[in-house]
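Subject: The structure for you to look at

Hello,

Here is the structure I promised to pass on, with some notes on what turned up in it. Please have it open while you read.

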Amino acid sequence: MKKTHEKTHLRLRGHNTRSSAHTISRRKLLVAGAGLAGLGLGLAARGRPQSASLLRSRGGALTLDLDGRYGPVRLAGRTANLFSYGGRVPGPRLEVRPGDEVTLRFANALPEPTNLHFHGLHVPPTGNADNVFLEIPEGEQLTYSFKIPENHPAGTFWYHPHLHGLVAKQVFLGMAGLFVVRGELDEVPEVAAAREQFAVLKDFAISGGRVPPPNPREFMRGREGSLVTVNGELEPEWSLERGGLLRLRLLNASTARFYRLRLDDHPLFLIDTDGGALEEPYELDELLLAPGERAEVLIRGDREPGRYTLWNLPYDRGGGMGMGGGMMGGYAADLHPRPLAHLVYSASRQAVLPLPGRLGRVAELGQPKTIRRFVLGHQMRPGRVVAFTINGQVFDPRRLDTRVRLGTVEEWEIVNAGVLDHPFHLHTNSFQVISRAGRPEPLRAWKDTVLVPAGSIVRLRVGFEDFPGKAVYHCHILEHEDLGMMGIVRFEEGA
Ligand code: C2O
Ligand code: CU
Ligand code: CU
């Protein structure tokens, strides 16, 4: 067993240049910290004020300055040296409306290159919009600008770095923020009457005030930290009026940790998934959120006044000792439920708030023109690198993997041939899940990230619209993405 681990270690080290750059920049970053009179501040982070926690568009425009920096950040009641947007973890929440122009002047004050991705937004993947092929060197700036389409659905989206090879590290160290589009769903009267609470779920590993480098085995599996936070806090308390409604808007911003959520004594009424509103609320006892996924649920304050806990229940995402999983190092998942947050009843309302009926319309996609198959796997060849693959290949920025025609519907069959679960994510266009493991999907919903459990098949349907250009699809366990599980798709105009 030990031998396998050592080999793994070597192979991972030797793998991609970024993984080694990773180690080098960590070293550089420690030196920079020491140079600044022991403040532990990274480069330009010194003296910069923290960003506001919420930035809303006005008069049809959201214009803001944002930086990526390394330095002290408040986290779970203490201070840790993290990567952040504007000195906050999570980063500032950005809010726009359909039709708004977004201008984001980004300054890279990190000790390494980075870029930005606007996860789930239906905006161009080219130019200075949601272009993950851009690279912003350390110390440089770039202005992102794009328009939110007039018909963009309301929903919970987010932003995070997307520079291949450094994504997992930069997100794990703290870089992620909500990007909210306000629209029709917010105007449904019952939804508008609910109290809104955002919850960014994110784990950290902190020791001596900083994040230790991952060990190669945990990196390969997808790194999980033992400090599990909600909006950068530990076990926050939220109040709920008796007879009232709480609208809980959840994001899994972890690189690899799954959240299997359950609230004591209360069902969760799902009203919105990654890409927007459902047609009507859907009652759940539990909600599983894989990395990158979002969901909105309504909670009814119809129980006895008291304090109720939102739990994260154990979930096995594979790679245990069986079925060759030992090659993944084996691991011990959380075996016990963990409290994430608490709901405390406050005074009673006069009139009890009803749940909404109809929320919106989820268009039915037509019959697919093309059916494609994507096989997710990994390769551990003696003496070579550990690779996470799609159709047997690791990511290559110079290779075009998939060409789709705009204005058509396609069906994608995602096959997980490995021993670990992989959440599959597509940029730019949301999709609908058709079936999981052969079972038809009960809900018509817009998704951009879907869990494909080890050994199973998920079929999804996607209508490719407007924006031409190159984008990517990948596993949203960001360590797997950095280790190669990503491909390039080009949206092409019809001939
Ligand atoms: Cu949330 Cu390609 O990423
Ligand atoms: Cu994305
Ligand atoms: Cu994966």
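The charged end of Lys202 lies over the ring of Phe204, at 4.2 Å from the ring's centre. A second case of this kind involves Lys470, whose charged end sits over the ring of Phe133, 4.6 Å from its centre. Please keep in mind as you read that this is a predicted model.

To get your bearings, start with the chain as a whole. It has 495 residues, and 58% of them are buried. You will find seven helices and 31 strands. Among contacts with a separation of 6 or more, 78% are between residues 24 or more positions apart.

Next, the metal sites. Which residues hold the copper ion listed as ligand 3? The copper ion (ligand 3) is coordinated by His422 through ND1, Cys475 through SG and His480 through ND1, at 2.0 to 2.1 Å. Along the chain, the spacing of these donors reads H-x52-C-x4-H. The two histidines come from distant parts of the chain: His422 belongs to strand 25 (residues 422–426) and His480 to helix 7 (residues 478–482), 58 residues apart. Both His422 and His480 are buried.

Another copper ion, ligand 2, has His117 and His425 as its protein donors, each through NE2 and lying 1.9 Å from the ion. His117 is in strand 6 (residues 117–119) and His425 is in strand 25, so this pair ties together parts that are 308 residues apart in sequence. Are these two histidines buried or exposed? His117 has a relative accessible area of 1%, so it counts as buried. His425 also has a relative accessible area of 1% and is buried.

Now for the aromatic rings. The whole structure holds 17 aromatic pairs. One of the pairs is Phe258 with Tyr315: the ring centres are 5.1 Å apart and the planes are at 10 degrees, so the pair is stacked. Phe258 is buried at 5% relative accessibility, whereas Tyr315 is partly exposed at 24%.

Trp412 and Tyr473 meet in another way: their ring centres are 5.5 Å apart and the planes are at 75 degrees, so the pair is edge-to-face. Here the link runs from strand 24 (residues 409–416), which holds Trp412, to strand 30 (residues 469–475), which holds Tyr473, 61 residues apart. Trp412 is buried with a relative accessible area of 0%, and Tyr473 is buried with 2%. These two also belong to a cluster joined by ring pairs, together with Phe374, Phe424, Phe464 and Phe491.

On to the nonpolar cores. The largest has 41 residues, and those with the most contacts inside it are Leu201, Leu250, Leu261, Leu287 and Ile299. What does Leu287 touch, leaving out residues up to four places away in sequence? Its contacts are Leu250, Tyr259, Arg260, Leu261, Leu268, Leu270, Ala295 and Val297. A second, separate core has 40 residues, including Val404, Ile414, Val462 and Leu478.

Val462 deserves a visit of its own. It is located in strand 29 (residues 457–463) and is buried, with a relative accessible area of 0%. Setting aside neighbours within four places in sequence, Val462 is in contact with Leu365, Thr408, Val409, Glu410, Leu426, Asn429, Ser430 and Phe431.

One last stop is Arg317, in the loop between strand 19 and strand 20. Is Arg317 buried or exposed? At 1% relative accessibility, Arg317 counts as buried, because the cut-off for that is under 20%. Its side chain is joined to that of Glu224 by a polar contact of 2.7 Å.

Enjoy looking around, and do write back with any questions.

Best wishes

How values were computed. Residues are numbered from 1 along each chain as its sequence is written. Chains are lettered from A and ligands numbered from 1 in the order in which they are written. This is a predicted model: local features need pLDDT of at least 70, side-chain atom pairs count only at pLDDT 80 or more; totals for chains, interfaces and linings use all residues. Side-chain values use heavy atoms; hydrogens and water are left out. Donors are N, O and S atoms within 2.8 Å of the metal (3.2 Å for Na, K and Ca); water is not among the atoms, so sites may look incomplete. Helices (H or I, at least four residues) and strands (E, at least two) are DSSP runs, numbered from the N terminus. Buried means under 20% relative accessible area, exposed over 50%, partly exposed in between (1.4 Å probe, protein chains only). Rings of Phe, Tyr and Trp (its six-membered ring) pair if their centres lie within 6.5 Å; planes under 30 degrees apart count as stacked, over 60 as edge-to-face and the rest as tilted. A charge sits over a ring if NZ of Lys or CZ of Arg is within 6 Å of the ring centre and within 35 degrees of the ring normal. A nonpolar core is a set of buried Ala, Val, Leu, Ile, Met, Phe, Trp, Tyr and Cys residues joined through side-chain atoms within 4.5 Å. Contact means heavy atoms within 4.5 Å. A polar contact is a pair of N or O atoms within 3.5 Å; within protein, one must be able to donate a hydrogen and the other to accept it, and residues adjacent in sequence count only if both atoms are side-chain atoms.
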